[in-house]
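Keep the sequence and the 3D view open as you read.

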Amino acid sequence: MTIRYTPLSPHLAYEVHGDAKSTLVVVPGWVSHLTFDWETPEIRQFHERLSTARRVVRYDKRGTGMSERQPDADTYNLATRVNDLATVIDALGGLQVDLFGWSEGGQIALAFAARFPERVSRLVVFGTYARMTRSDDYPWGSDPERSAALQTLIRAEWGTGSRILTNIFLPEADEARASWFTKWQRLSLTPEAAVASREANISSDIRPLLPTIRTPTRVLHRIHDGNVGNAEYLVAELPNASLEVLNGEHHIPFFGDAASVTGAINRFLEIPTPLGELTTSSPMARLSSREVDVLRLVSEGLSNQAVADRLFLSQKTVNRHLVNIYTKLGVNTRGAAIAYAFRQGYM
């Protein structure tokens, strides 16, 4: 891997995988460190799954990881984060990109799409929220008192091997994973920066921006990661968004069933997996992204009702999607549709 830096201060570290024409920029969550992340098998495999048919760009946010550290008042606010993402994309040639943002990175990606709609083709967010903490008009956020207590814990125990911090962010981590997480903390942020960046995130509220974002958006959320109402709110407010709820509890997408996350991203971006190449002459190319979602879940053995529950659709809508799939593929049954997709290498 080759770490590159944006030319002007603050110098932002970024790294490019692959050389395909389409580009996916990954907007990181709270912590990241380009080199250490790439040396972590789960994180490396996650990005390799995304880069099989596209160019994937990772970067460290200002004040984080290998990017320049500037501990001033504006380092961690949302406007700075959006401007820095624009700087990274400019360094790539200023092209139009797809974005994948997780946790606070999802907020950054959404705010970027609101400000620069012409620069974003498609958008995927994971474990993201309109605001972090609960309020009278936003009941899905975390408890403000609990959030303040966590800030105190971070200030006192960041990078010290705190088992409490590990259990909060990496459920059921063994000793080796806990040790890894401690090193990730130390490399990514100082204790002061960890508190300051999270405080900025707590203060961020992107609800006013959501109705203005017309970029096609897929919202991903694990069913036991906090309150799924955060994701449902995003989909309700975004004009062109859909929701996919995944199994699991990990807030960090690289852990738990990471393949389900990369699979959902690849399906939405409509780029074929390594098993097959979707050409415009293939009947599979006629399927919409939602129809592909339905067919993949059906191929996993889910009933129509289970598919409806997973995709937050009615069973009637799933039935209609299946009829459309049969018509486009020239088949008459779900078994024949699944068999066709398997023969063509798409499932």
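A polar contact is a pair of N or O atoms within 3.5 Å; within protein, one must be able to donate a hydrogen and the other to accept it. Keep that cut-off in mind for the first stop. The model is predicted.

Go to the start of helix H5. There, a side-chain oxygen of Asp 143 comes to within 3.0 Å of the backbone nitrogen of Glu 145. H5 itself covers residues 144-157, 14 residues in total. From first C-alpha to last, H5 reaches 20 Å. That is close to the 20 Å expected at 1.5 Å a residue.

Now look around the helix. Ser 147, Leu 150, Gln 151, Leu 153 and Ile 154 of H5 are buried. They lie on the same side of H5, because they cover an arc of only 165° around the axis. What do the buried residues of H5 pack against? Their partners are helix H6 (163-169) and helix H8 (191-203). Turn to the other side of H5. Here Glu 145, Arg 155 and Ala 156 are exposed.

Follow the chain past the helix. Just after H5 comes Gly 159, with a positive phi of about 75°.

The last stop is Thr 64. It sits in the loop between strand E4 (55-59) and helix H3 (78-91). Is Thr 64 buried or exposed? Its relative accessibility is 0%, so Thr 64 counts as buried. Which residues does Thr 64 touch, not counting those up to four places away in sequence? They are Trp 30, Val 31, Ser 32, Arg 69, Arg 81, Ser 188 and Leu 189.

Notes
Residues numbered from 1 in each chain as written. Predicted model: local features only at pLDDT ≥ 70, side-chain atom pairs only at ≥ 80, totals over all residues. Heavy atoms only, no water. Helix = DSSP H or I, 4+ residues; strand = E, 2+ residues; numbered from the N terminus. Expected span 1.5 Å × (residues − 1). Buried < 20%, exposed > 50% of the residue type's maximum accessible area, 1.4 Å probe, protein only. Arc of directions from axis to C-beta. Contact = heavy atoms within 4.5 Å.
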